[in-house]
Amino acid sequence: MQTRASLVVLLLLACLFGVHHGSPLPQEVLPRPQENFELEKLLGRWYEVAVVATCPYYMQAQKDNPAIVKFELYNSTEDNVVQMRGTVPSPGSCKQISVDFHLTNQSGHFYHHFDEFNADVETYVVQTNYNEYVIWVILSTEQPSGIKTTLVKLYSRAMNVRESVLTKYKALVRTQGMSEDVIIFKDNKGECDQINAARPV
């Protein structure tokens, strides 16, 4: 059981922020970040309620354990950095991961480098109303191969989402060349109460 849990978490980390082999997508299909983006309004607690990706390892891990993941987004003590911590349910325990998003010159666009897979990761806030939902488009580029992976994620302030928000999410998924039929909608399995040490990604 412990070996299987470790494998699931490894696969999740490998692709959670878009870092593993996937099908290259043209750069022009990426939507622009939301206009008049306000970072401070985005901070706080979020739940990852739906995901889709071009990474098969990530998709398989999600199918094996499609639990809603809780995230906290907050300002770092480091300048121009926003930190996100996520609590990932896994069989028998919970794992905590963290990522430092570096602000770029483009509002609503963040960058980080995943050392373990030598991947440059670009994260875009595409749509949000701040108090209810946010849709992310995440593009990673492995070095030196240049292979790209794309993820589209839906976060919610609560563990459920209005149908109209899901409609917007599905439409955005289609713009990224993926079918809404393969979207994984997460199950509410409760919040983790056992947290292991945070692992940076």
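This is a predicted model: local features need pLDDT of at least 70, side-chain atom pairs count only at pLDDT 80 or more; totals for chains, interfaces and linings use all residues.
**Exercise 1.** Find what arginine 45 pairs with, and say where the two partners sit.

*Solution.* 
- Start with the atoms: the closest N and O of arginine 45 and glutamate 72 are 2.6 Å apart. The cut-off is 4 Å, so this pair counts as a salt bridge.
- Arginine 45 belongs to strand β1 (residues 44-53) and glutamate 72 to strand β2 (residues 69-75), 27 residues apart, so distant parts of the chain get linked.
- Now check the surroundings. Arginine 45 is partly exposed at 37% relative accessibility, and glutamate 72 is partly exposed too, at 25%.

**Exercise 2.** Work out whether lysine 186 and glutamate 48 are buried or exposed.

*Solution.* 
- First, the contact: their side chains form a salt bridge, with 2.7 Å from N to O.
- The two are 138 residues apart: lysine 186 is in the loop between β9 (184-185) and β10 (198-200), while glutamate 48 is in strand β1.
- Buried means under 20% relative accessible area. Lysine 186 has 9%, so it's buried; glutamate 48 has 0%, so it's buried as well.
- One more step: Glu48 and Lys186 join Lys153 in a network of salt bridges.

**Exercise 3.** Explain which parts of the chain arginine 162 and glutamate 132 tie together.

*Solution.* 
- The salt bridge between them has its closest N and O atoms 2.6 Å apart.
- Arginine 162 lies in the loop between β8 (148-156) and α4 (163-175), and glutamate 132 in the loop between β6 (119-128) and β7 (133-142), so parts 30 residues apart in sequence are tied together.
- Arginine 162 comes out as partly exposed, at 44% relative accessibility.

Terms used. Residues are numbered from 1 along each chain as its sequence is written. Side-chain values use heavy atoms; hydrogens and water are left out. Helices (H or I, at least four residues) and strands (E, at least two) are DSSP runs, numbered from the N terminus. Buried means under 20% relative accessible area, exposed over 50%, partly exposed in between (1.4 Å probe, protein chains only).
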